[in-house]
Amino acid sequence: MSEPQDGRLPARDHTRSGDATITIAEKQSGQKRPTRCDTAPTRPFRPPRTLDEVRVWAPSAQRLHLVVDTPNLTGRSTVAMLPDDEPGWYRPDPGALAALGVVDGPGLRYGFVMAGVDDPVPDPRSARLPEGIHGLSALFTVDDAVWHDAHWAGRDVRGAVIYELHIGTFTPDGTFDAAIAHLDDLVDLGVDLVEPLPVNAFNGTHNWGYDGVGWYAVQETYGGPEAFARFVDACHVRGLGVVLDVVYNHLGPSGNHLSKFGPYLGGSTGWGASLNLDGPDSDEVRRFIVENALRWFDEFHVDALRLDAVHALVDHRAVHLLEALAEATDALSAEVGRPLSLIAESDLNDPRLFTPREAGGYGLTAQWDDDIHHVIHTAVSGERQGYYADFGSLESLSKVLRGGFFHDGTYSSFRGRHHGRPIPPTLPTTALLAYTCDHDQIGNRAIGDRPTAYLDAGQIAIKAALVLLSPFTPMLFMGEEWAARTPFQYFTSHPEPELGQATARGRKAEFAAHGWDADDIPDPQDPQTFLRSKLDWSERELPEHAAMLAFYRDLISLRKTEPAFAGVDFGSTTTQFDEDARWFAMFRGRWAVVCNLGEDAVDVGGVSVSAVRLGWGEYDVTPGGLRLGGHSVAIGPRRPTA
């Protein structure tokens, strides 16, 4: 079958085929013949279009039945599930389905009941959950008519400008369709890829997204899966790629039905139940994850996945889940003919994550690098609490800009042990994502305050210049480009009163232990906490915000047009600084980014630029170098030496 023009894989049979023949020798040895998932490459999951295509892995279920919502007939009907070709897999009884007479139609609702479970629960691989995570599943596949992105050739994340956003707070309406209306603003800014926080189905109306339990579905309050497809298509039509944040380390605390079907779960991460990645029957659990990841690339045309907190994945198998996922992603990328990227969030400071597999690594594309954030934030803000204690010196800033990690085998006072390992100089700097802030670095502060709440405009500009002109891949958090003042607070909407109360108490107690007044901590369950976190787009029209927006736009333009900022080797960046005078210079080729982190004006001797091409605050080119006002930054080509 020829490949469709939109780059999707050709349709395939949804039946999970396998040779069930067992030889006499295998019976005598007690060994089980390998199933397809043991031996064949993992394929993207394709949702069932009809009820007879429904398949479910449910080795723990007894007396499993399919429940079908047929309001045009007799209401809900029940169909027995029969063993399928592979161990633990079940399919509907075809004779009973035929007698029922209703097996087709987008939106047809279905679920499962089993011994001990009288109320129907949704399919673990539900493609749509129109009634929420406790409701019935609905048949759904993306309509091919949605797509207008046949021209889209994809975009590697390395070296791109990424923009992280939360769909529910990006606009007043908080939907995918409302977000589309602002994509042209991101194009004008110079963004290359947008990165929504998780959009999988969670319990309630609003959430950061990390409490998801319907991993194959899209949250209905955002618009559901069809609206997400429209959003991706609208991005591609405008030349924007899409990075989707996904969570495979845990499930949310509400609505997790997986254990009713089989041994999906492992222990607990503290955020929720973890997955069984290396115990008995973990082959199918890993398949559940990898097929999910590949489906976002295939059916929804997503370009990259951000993998949440991979350090919380408990996997002691010889081939780690991340390596298996990277291998499957690379195979799909070769098949569809466009780059597909995996970005890890990790606090391990372990370069093996993004080291190629042929060199002994996992082969992921990139990772978030909190050390970059920490050295810039502490140098500019002066904060030293908690895990910031080891950072703050200009020496630490210099080390990270030149080497990627601060803790590269050094002692971490926060952890009470040595941490990390050096990054081999053969790896590209663009495998590390740099940011002045992200959803965690704002939302996990006690009151969710942005840097604009405690830094002046000059300090904000310094942070922006160091990130956007660094050798790393820069990422912005929604609204920072105009110095937004709206907070991004931690919010939930758990319908269960006891869970909501426990979440609020835990949040307040956590920060009270660090000296905060519990009454000052926003209640995550209060709807106003969510509403306060929505961006105020009208701020962009105010002079001080418009000036910062123009500065960000100019920084991104400079990054993209000057070849010196395209260097991807660690040797492409050098630094010079004066710890006492509080000035710092970052050199990218012949270009200098010179900052005064202090409040008083300073003469920067020995660093000369021929002219300041871009800057913030007061600056003056002098015969001996530069004079910078307090909290200012000047950027320009270095003056040739005699």
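In helix α7, the buried residues are G224, P225, A227, F228, A229, F231, V232, D233, A234, C235 and H236; here buried means under 20% relative accessible area, exposed over 50% and partly exposed in between, with a 1.4 Å probe and protein chains only. This is a predicted model, where local features need pLDDT of at least 70, side-chain atom pairs count only at pLDDT 80 or more, and totals for chains, interfaces and linings use all residues. Residues are numbered from 1 along each chain as its sequence is written, and side-chain values use heavy atoms, with hydrogens and water left out.

**Helix α7 and its surroundings**

Helices (H or I, at least four residues) and strands (E, at least two) are DSSP runs, numbered from the N terminus. Helix α7 covers residues 224-237, and its 14 residues reach 20 Å from first C-alpha to last, close to the 20 Å expected at 1.5 Å a residue. That expected span is 1.5 Å times one less than the number of residues. Because 11 of the 14 residues of α7 are buried, the helix is largely enclosed by the rest of the structure.

What do the buried residues of α7 pack against? Their partners are α5 (176-180), α6 (183-189), β9 (193-196), β11 (214-218), β12 (241-246) and α8 (282-298), where contact means heavy atoms within 4.5 Å. Just after α7, G239 takes a positive phi of about 85 degrees.

**Helix α11, for comparison**

Helix α11 spans residues 394-403, with L394, S396, L397, S398, V400 and L401 buried. Those buried residues pack against α10 (370-381), α13 (457-468), β22 (573-578) and β23 (583-588). Just after α11 comes G404, with a positive phi of about 95 degrees.

**The annotated pair**

Let's turn to the record. In an unreviewed entry, UniProt lists D308 and E345 for "active site". They span 38 residues in sequence, yet no two of their C-alpha atoms are more than 5.3 Å apart, so they gather at one spot. UniProt positions are given in the numbering used here, feature names are shortened, and annotations may be inferred rather than shown by experiment.

D308 sits in the loop between β15 (304-307) and α9 (321-336). Leaving out residues up to four places away in sequence, D308 touches Y210, D245, V246, V247, N249, H250 and E345.

E345 belongs to the loop between β16 (341-344) and β17 (366-368). Beyond its neighbours within four places in sequence, E345 is in contact with R306, L307, D308, A309, V310, H311, W368 and D440. The E345 side chain also makes a polar contact with the side chain of R306, at 3.0 Å. Such a contact is a pair of N or O atoms within 3.5 Å; within protein, one must be able to donate a hydrogen and the other to accept it, and residues adjacent in sequence count only if both atoms are side-chain atoms.

**Burial values at a glance**

| Residue | Relative accessibility | Class |
|---|---|---|
| D308 | 8% | buried |
| E345 | 12% | buried |
| C235 | 0% | buried |
| C437 | 4% | buried |
| S333 | 15% | buried |

S333 lies in helix α9. Not counting residues up to four places away in sequence, S333 touches R338, P339 and L340.

**Cysteines**

How many disulfides does the structure hold? There are 0, with a disulfide taken as a pair of cysteine sulfur atoms within 2.5 Å. C437 is in no disulfide, and the nearest cysteine sulfur, that of C595, is 17 Å away.
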